[in-house]
Each structure stands twice: as C-alpha cells, then as structure tokens.
Amino acid sequence: MSGCTAYAATNLVSGPRQVNSAAPNTAWWYSTPMQPRPTVSPASFDRLMAEIRGCNRCGGLPLGPKPVVRGRPTARLLIVSQAPGTRVHETGLSFNDRSGDRLRLWLGLDRDTFYDERRVAIMGVGFCYPGRDARGGDLPPRPECAPLWHPVLRPHFREIGLTLLVGSHAIRYYLPESRRQSMTAVLARWRDYLPDIFVLPHPSWRTTAWERTNPWFAAEVLPALRAAVASALG
C-alpha cells in the first residue's frame, strides 16, 4: 500500500471554509450543515496517523517524502502552518528551528508544552518538505496534501478550542476569501475570526521587518494571542 489509498476517497468533512460573515461558526471545522460529525476512535486515529506518515504520493520530492504531523485526539490547540523546512525534515519535529523559537515566543509556550501532543496538534498545508525554488526560498506546499489528508484528520481533533492559521498558505487555504486581500490587511482583521481562529504571519526571519513596520502586532495581537492560547489549553 502506498500509504495514500485507504482514506483518500473518504468524504468526511467539507473542504476549505467559505466565510460569509465576520463571526466564524465552529461547524465548518467538522462538516457542512448537511453532514453529521463522523464517529472516530483512538484506534482509527492511530491507523490514520500511521498511513499519513507512510504516504509517498509525492515521491519526486528532492529529499523524498517524510510527512511530519503531530497531535492526539485530546489536543486543545491546533496549529496549521505551511510545510516543513529542511531542519524539520531532518529531525521529524515540527517547528524545530528558529521560526519555531519565534512562534513559541509569540504564543508564550515553552518547548515542553508546545510539543505535548496531548495538548497541541500541528499540521501543515503540506506535510513534506517541498524543496527550494530558483531563488533559494522554499517552494509552496504540495497542492495534493491538504485536500487528501486534512478532511480525514481534522474530525479526530474534536477537543480543539483554538486553531492558529500560521502564514499565508494556511490562511488562504482555510479562508479563501482572503486571497483578494494583502496579508497585512487580513492580519489587521484578526479580531474578526475570533474566538475559534487566530490568524498569524509565518514566524520566519522574513517577517521581522514586517513586524517592525506594524507595531500593532506586538502591542495588540500578541497579548491577545497569548491569552487565547492559555485559555484554550486550560
């Protein structure tokens, strides 16, 4: 088995959320209004995670397929990011790099809490390192990944109290109406997505200059973010 066949055709939940108002409805996470929330079990979750980690659908990747995803069904905080970098690919540990250090600083979490899968789940729009573009930057997440795996993985995270959409790829996948706006404009509307969703820039070095020119992020967003994360984790 390739690791990508058993769940690919299972239509448990809807695709990316369509937003028609500023007040998100948590039902988008599990299903459309016409679909019941699926029944899931720890055993089925473990089988699914094993299949995800064995997926080789994108076999032509420059460093080969190595899906990185974390979390247990008890997780209260979900972080949806873009795709692993080389360091994460090498270690198999999400955000195990400088961007992770910066994200943890933003969230007010230490490493032990951040990597406690019983409390925090982490998945990218792409689970594998996609390679580099001609300018030396990371390529976008592979387009096959999220439509294949997110709809069958998300229903297992039934205890999520807060979802963080980190970076433009995660934001534009789950909030497709945001594609018509600049990232700064979307991030400035961060309050509109509460209490279920928090939108954040990617915490890479590329956003340090952006943060300096947008002081409202540190002054207004980060205190609210830390309070929301602390509340979600209890």
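Predicted model: local features only at pLDDT ≥ 70, side-chain atom pairs only at ≥ 80, totals over all residues.
Helices (H or I, at least four residues) and strands (E, at least two) are DSSP runs, numbered from the N terminus.

Residues are numbered from 1 along each chain as its sequence is written, and side-chain values use heavy atoms, with hydrogens and water left out.

## Overall layout

The protein chain has nine helices and four strands. Read from the N terminus, the order is α-β-α-α-α-β-α-β-α-α-β-α-α. Of its 234 residues, 52% count as buried. Buried means under 20% relative accessible area, exposed means over 50%, and partly exposed lies in between (1.4 Å probe, protein chains only).

Contact means heavy atoms within 4.5 Å. Take the contacts in the protein chain between residues at least 6 apart in sequence: 72% of them join residues at least 24 apart.

A nonpolar core is a set of buried Ala, Val, Leu, Ile, Met, Phe, Trp, Tyr and Cys residues joined through side-chain atoms within 4.5 Å. The largest one here has 58 residues, and I79, L107, L153, L164 and L200 touch the most other members. Helix α9 gives this core its largest share, seven residues.

What does L164 contact, leaving aside its neighbours within four places in sequence? The list is L77, L78, I79, V80, L107, F198, L200 and L225.

Now look at β4. In a regular strand, side chains alternate between the two faces of the sheet. In β4, I197 and V199 are on one side, F198 and L200 are on the other, and all are buried. Strands β3 and β4 pair in the parallel sense over four bridges; two strands pair if DSSP finds at least two bridges between them. L165 stands opposite V199 in β4.

## Helix α3

Helix α3 spans residues 98-107 and is mostly covered, with seven of its 10 residues buried. These are S99, G100, R102, L103, R104, W106 and L107. What covers them includes β1 (77-81), α4 (111-114), β3 (162-166), β4 (197-200), α8 (208-213) and α9 (216-233).

R104 also meets a ring: its charged end sits over F114, 5.0 Å from the ring centre. A charge sits over a ring if NZ of Lys or CZ of Arg is within 6 Å of the ring centre and within 35 degrees of the ring normal.

## Backbone points

G108 follows α3 and has a positive phi, near 75 degrees. F95 has a positive phi too, near 55 degrees, in a residue other than glycine. F95 lies in the loop between α2 (86-91) and α3. Is F95 buried or exposed? At 7% relative accessibility, F95 is buried.

The peptide bond from L194 to P195 is cis, with omega near 10 degrees. P195 is in the loop between α7 (183-188) and β4.

## Aromatic rings

A pair of aromatic rings is described by the distance of the centres and the angle of the planes. Rings of Phe, Tyr and Trp (its six-membered ring) pair if their centres lie within 6.5 Å; planes under 30 degrees apart count as stacked, over 60 as edge-to-face and the rest as tilted. The structure holds eight aromatic pairs.

Y173 is buried at 16% relative accessibility, and Y174 is buried at 0%. W190 and F198 are both buried. W106, W210, W216 and F217 form one aromatic cluster.

Y174 and V125 are 49 residues apart along the chain, and their C-alpha atoms are separated by 9.6 Å.

## Cysteines

A disulfide is a covalent bond between the sulfur atoms of two cysteines. Here it is taken as a pair of cysteine sulfur atoms within 2.5 Å. How many disulfides does the whole structure hold? A search finds zero. For C128, the nearest cysteine sulfur is that of C58, 6.4 Å away. For C145, the nearest is that of C128, also 6.4 Å away. C128 is buried at 13% relative accessibility, and C145 is buried at 11%.
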